[in-house]
Amino acid sequence: MKTILATSLLIIIISSCASDNEEDLFEGAECNDELSLTDDISPIINTNCALANCHAAAQSPNLSTKAGIISNAARIRAVTQNGSMPPSSSGKSLSEAQVKQIACWVDNGAQNN
């Protein structure tokens, strides 16, 4: 009986450590300098912020270029962390992992990489 209980407990512990969810994998992770503007941050901004009716033309700041993203990095970090951007009325939202990625990229110097 003890062996079955111990085996069951071990299986539960091992399976609870596995994760295929990007948010779970990134959550709580330390910031690293491997985040890239091109590969990581621009896709988030282009999908959720730099849209024709938002920050690509209609509203300032224009986030449709790398220069626009970099020059507004601290502002982007602030409004994504406090949840005011993207606004709920846009139908867009950022995952916790995306917010963390933006914060880490900014904290690492908002590099053009």
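Predicted model: local features only at pLDDT ≥ 70, side-chain atom pairs only at ≥ 80, totals over all residues.
Buried means under 20% relative accessible area.

**Stop 1: the disulfide.** Select C31 and C104. A disulfide joins these two residues, with 2.0 Å from S to S. Now turn to the S-S bond. The angle about it is -70 degrees, and the link of C31 and C104 is left-handed.

**Stop 2: what the link connects.** Select the loop between α2 (22-26) and α3 (37-48); C31 lies there. Then select helix α6, residues 96-107, which holds C104. The pair therefore ties together parts that are 73 residues apart in sequence.

**Stop 3: the two ends.** Show the surface. Is C104 buried or exposed? C104 has 0% relative accessibility, so it counts as buried. Go back to C31. This residue is partly exposed, with a relative accessible area of 33%.

**Stop 4: C49.** Select C49 next. C49 is in no disulfide. Which cysteine sulfur is nearest to C49? That of C54, 8.0 Å away. The relative accessible area of C49 is 8%. That is under the 20% cut-off, so C49 is buried.

**Stop 5: C54.** Finish at C54. Its closest cysteine sulfur is in C49, at 8.0 Å.

Conventions:
Residues numbered from 1 in each chain as written. Heavy atoms only, no water. Disulfide = S-S within 2.5 Å. Helix = DSSP H or I, 4+ residues; strand = E, 2+ residues; numbered from the N terminus. Buried < 20%, exposed > 50% of the residue type's maximum accessible area, 1.4 Å probe, protein only.
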